[in-house]
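The following note sets out points for the colleague who will work with this model. Please read them alongside the sequence and the coordinates.

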Amino acid sequence: MTEPASGAPGVATRHADMDLRAHWRGRERYTVFATSYGDGAEARALQADWYADPDRPARLHIVALTTELQPGFHRIPQDDPRLTLTLLAMPLDAALVQLSAQPDAVFLDAVPGAGFVRPLARIVAAEARLSATALDEEQRAALAGQGFVFGSDNEAVFASRKPRLPVPPVPERRALVIGAGLAGAAACAALCLRGWEVTLVERHPAPAMEASGNLAGIFMPLLSRDDNIPTRLTRAAYLYALRAWRQLGGIDGAIEGQACGVLQLARDADHAEVSRVIAREGNYPPEFARWLEQIEAEALLGLPAPDGAWLFGQGGWARPGSVCEAMLAACGDRLTRRFGVGSVALENEDGQWLARAEDGTVVAGAPTVVLAGGAGARRLAQSADLPLAALRGQVTHLPGGAAPSLPLVLCREAYLTPAAGGILCAGATYDLDEDPGLRASSQQENIDRLRGLVSDPLAAEGVPLAGRVGFRCVAPDRLPLVGRLPDFAAAGATERLRDVPRHPGLHCLLGYASRGLIWAPLAAELLAAQLEGEPLPLESALVDALDPARFVLRARRTGGGRPA
């Protein structure tokens with residue numbers, strides 16, 4: 001059990017009288033919600049009870065509040081994939097509103113007020129058990145009014161007859177994943193670790209041959225003054241990726257790259273002033289993000305940084321292909337690879353999705369399909385209406401001596417990596433055309449930006465044309481698409497996400513733009529949790545922001561019909 005550790009006592013000692021074993025026996029899944037994670041003793045005690053019980057539920061999910069992490073939801077990877085731990089760094093009332101879970105047991109610890117009672121009663125499962133400490137009369141009355149029946153001063157059973165959300169059925173754990181880049185490899189890993197049998201279909205003869213084939217991808221968080229949705233989503237993805245990569249063997253271990261840090265130069269004096277305001281608010285621990293004024297930034301970089309810079313000490317670069325390889329290796333023998341099959345089409349026969357090659361032969365089939373092939377999803381009839389674009393990105397490869405030697409990744413409007421294997425990576429362009437070949441004009445654009453980064457008008461002078469072109473899959477709002485695929489043709493007058501009709505068994509992981517490295521692990525974890533009926537690893541507002549069906553509603557609201 002990892003993250004976080006504090007001096008607070010675990011709640012196991014405060015709820016020792018409530019034995020959950022009789023309550024959870026015979027179930028497929030069991031979810032516990034605690035209002036204080038403390039030092040993790042409660043989670044460890046529950047896990048110990050779970051391991052010791054031969055009649056334990058197949059899967060145990062623990063959700064708890066913490067004050068030790070940055071704001072938001074945090075899924076903490078576990079060594080046993082049958083266990084999940086989700087820590088919520090936010091007030092109780094807000095957490096209950098944002099939590100997508102159905103707790104079977106609740107531990108309340110010295111919670112102030114009674115405002116939490118109604119949102120708690122909305123999400124708990126039928127016959128949920130509750131154990132509490134230090135309840136006052138107002139809280140007891142509020143809990144009783146919402147259907148909790150107390151058998152003692154500290155324990156109650158939820159006996160309300162109000163309708164409950166249906167318990168998600170146990171899925172048939174067979175899936176077909178289309179696309180073997182970062183998105184598809186992460187999907188395979190998340191599903192195989194949960195016991196799914198997965199067939200991975202790729203039109204190329206090997207994984208990571210399109211956008212995920214670059215020599216280096218940058219990983220870093222995003223900051224904003226208002227902590228908006230893209231910032232919160234990127235922070236959650238970044239922190240989860242760092243944890244997930246450690247489980248795979250780590251950067252510069254199983255994954256080729258360097259956690260050397262990223263220095264993001266301020267664009268100008270105005271950008272620097274906004275950054276100072278963010279830094280003064282003190283919302284970020286220094287290892288996550290630290291603002292450096294000019295003198296300190298230049299001392300670290302050894303180059304001019306006239307307006308200061310942000311230092312992301314846990315950031316760095318990684319070769320995306322090596323991340324794909326590590327994730328696929330983690331799948332073991334539950335993964336079947338079907339590579340080099342060319343483009344496929346999908347058709348549904350008796351509840352099973354079949355992937356057919358261009359010659360009509362069936363490549364693979366399963367009741368669940370995950371579309372993870374980037375902009376290639378536009379070629380499939382079921383996803384052709386998604387408003388996805390392919391943005392051309394040319395990266396320039398430079399010999400090691402063509403630019404100043406760097407101790408970390410340097411970025412602003414562009415980026416420059418430290419040398420690896422004698423090669424520096426600089427880029428990348430954002431082009432609207434679909435030219436797959438290297439071109440001199442794009443290289444010059446990269447070099448011009450590089451010269452601005454390092455304040456040297458002669459850097460990379462006369463270097464040969466070298467690099468790589470990839471195509472980013474981008475949605476209009478620059479956010480990924482994660483979840484069930486909407487049926488645009490059947491949408492009608494739908495006004496709410498939950499009412500949008502979906503293609504049964506079809507899901508997607510698309511639109512990662514330039515952040516595929518960090519988006520892939522969390523997006524796959526979210527989709528796997530949805531398929532399994534687990535507590536979701538993100539706030540419900542952020543889950544909605546990623547729902548592919550958002551574009552159905554936007555098309556209706558703008559009067560444009562189906563999105564182009």
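In which loop does Asp252 lie? The reply is given in point 5, after the overall description.

1. Basis of the note. This is a predicted model, in which local features need pLDDT of at least 70, side-chain atom pairs count only at pLDDT 80 or more, and totals for chains, interfaces and linings use all residues. Residues are numbered from 1 along each chain as its sequence is written, and side-chain values use heavy atoms, with hydrogens and water left out.

2. Overall form. The protein contains 14 helices and 28 strands (DSSP runs numbered from the N terminus: helices are H or I of at least four residues, strands E of at least two). Its radius of gyration is 25 Å, close to the 24 Å that the globule rule gives for 564 residues, so the protein is as compact as a globular protein of that length. That radius is taken over C-alpha atoms, and the rule is 2.2 Å times the number of residues to the power 0.38. Along the principal axes, the C-alpha atoms fill a box of roughly 80 × 65 × 50 Å.

3. Burial, contacts and surface. Of the 564 residues, 56% are buried (buried is under 20% relative accessible area, exposed over 50%, partly exposed in between; 1.4 Å probe, protein chains only). Among contacts between residues at least 6 apart in sequence, 72% join residues at least 24 apart; contact means heavy atoms within 4.5 Å. The protein exposes about 22,900 Å², of which carbon and sulfur atoms supply 51% (Shrake-Rupley method, 1.4 Å probe; for residues, only the protein chains shown count as cover).

4. Strand pairing. Strands E11, E16 and E12 form an open, antiparallel sheet in the order E11-E16-E12; two strands pair if DSSP finds at least two bridges between them. The edge strands, each pairing on one side only, are E11 (217–219) and E12 (257–258). Three bridges join E11 to the antiparallel strand E16 (residues 316–318), and Ile218 stands opposite Trp317 in E16. Elsewhere, E9 (residues 174–178) is joined by five bridges to E10 (residues 197–202), and these two run parallel. Leu200 in E10 is the bridge partner of Val177. Four of the five residues of E9 are buried, so this strand is largely enclosed by the rest of the structure.

5. Backbone features to check. Asp252 lies in the loop between helix H7 (229–248) and E12. Although not a glycine, Asp252 has a positive phi of about 70°, and it counts as exposed at 64% relative accessibility. Ala110, likewise not a glycine, has a positive phi of about 50°. Ala110 is in the loop between strand E5 (105–109) and helix H4 (117–123) and counts as exposed at 54% relative accessibility. A cis peptide bond, with omega about -10°, joins Gly427 and Ala428; Ala428 belongs to the loop between strand E25 (423–427) and helix H11 (440–454).

6. A buried loop residue. Gln382 is found in the loop between strand E21 (368–371) and strand E22 (389–399), and is buried at a relative accessible area of 15%. Leaving aside neighbours within four places in sequence, Gln382 is in contact with Leu346, Trp353, Leu485, Pro486, His503 and Leu506. The C-alpha atoms of Gln382 and Ala489 are separated by 9.8 Å, although these residues are 107 apart along the chain.
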